[in-house]
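Welcome! Please take a moment to look over the sequence and the model before reading on.

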Amino acid sequence: VDGESLRVATGEARSKSLVFVWNLSDGAQLAEINVKGRHDKGISALGFSHDGSRLVSVGADDDNKIYIWDWAAGKEAKPLASEKGGRY
């Protein structure tokens, strides 16, 4: 939940691999993000940045990869590097 502007993000389980951002005031869907290829087994956690412009997702896959999204644009904002040079 983004407390500043009353937004909430939800993620689907299993293979649908979609994340939604909703306006709590009127229930309108603000964004739909396809995370297929990143979180193929669904989402285990979501959180907004302090300013509400970014959304962090944690996958339910065995590797629990983390991605940062520009949710308004519906795309990955910044890949995270692991200590071994891979991506989380």
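The report below moves from the whole chain to its strands and then to a single aspartate.

**The chain as a whole**

What you see is a predicted model. The chain holds seven strands and zero helices, and along the sequence it reads β-β-β-β-β-β-β. Of its 88 residues, 32% are buried. If you take the contacts between residues at least 6 apart in sequence, 23% of them link residues at least 24 apart.

**A sheet of three strands**

Let us begin with β1, β2 and β3. They form an open sheet in the order β1-β2-β3, and the pairing is antiparallel. Because β1 (7–11) and β3 (29–34) each have a single partner strand, they stand at the edges, and one side of each is left without a neighbour in the sheet. On average, neighbouring strands here are turned by 15 degrees against each other, with direction ignored.

Strand β2 covers residues 18–23 and is joined to β3 by five bridges. To find this pairing in the model, look for W22, which stands opposite Q29 in β3.

Next come β5 (55–59) and β6 (66–70). These strands form a hairpin with six residues between them, and their pairing is antiparallel over four bridges. Here V58 stands opposite I66 in β6. In the turn, N64 has a positive phi of about 50 degrees.

The two pairings can be set out together:

| Strand pair | Bridges | Residues standing opposite |
|---|---|---|
| β2 and β3 | five bridges, antiparallel | W22 and Q29 |
| β5 and β6 | four bridges, antiparallel | V58 and I66 |

Now for the aspartate. D61 lies in the loop between β5 and β6. Is D61 buried or exposed, and which side chain of opposite charge is nearest? D61 is buried yet has no salt bridge. The nearest side chain of opposite charge belongs to K41, 6.0 Å away. A salt bridge would need a side-chain nitrogen of Lys or Arg within 4 Å of a carboxyl oxygen of Asp or Glu.

What else does D61 meet? Leaving aside neighbours within four places in sequence, D61 is in contact with R38, H39, D40, K41 and G42. At D40, the backbone nitrogen lies 3.3 Å from a polar atom of the D61 side chain.

How values were computed:
Residues are numbered from 1 along each chain as its sequence is written. This is a predicted model: local features need pLDDT of at least 70, side-chain atom pairs count only at pLDDT 80 or more; totals for chains, interfaces and linings use all residues. Side-chain values use heavy atoms; hydrogens and water are left out. Helices (H or I, at least four residues) and strands (E, at least two) are DSSP runs, numbered from the N terminus. Buried means under 20% relative accessible area, exposed over 50%, partly exposed in between (1.4 Å probe, protein chains only). Lys and Arg count as positive and Asp and Glu as negative; His and the chain ends are not counted. A polar contact is a pair of N or O atoms within 3.5 Å; within protein, one must be able to donate a hydrogen and the other to accept it, and residues adjacent in sequence count only if both atoms are side-chain atoms. Contact means heavy atoms within 4.5 Å. Two strands pair if DSSP finds at least two bridges between them. Axes are lines fitted to C-alpha atoms, for helices over the stretch in contact, and angles run from 0 to 180 degrees between N-to-C directions.
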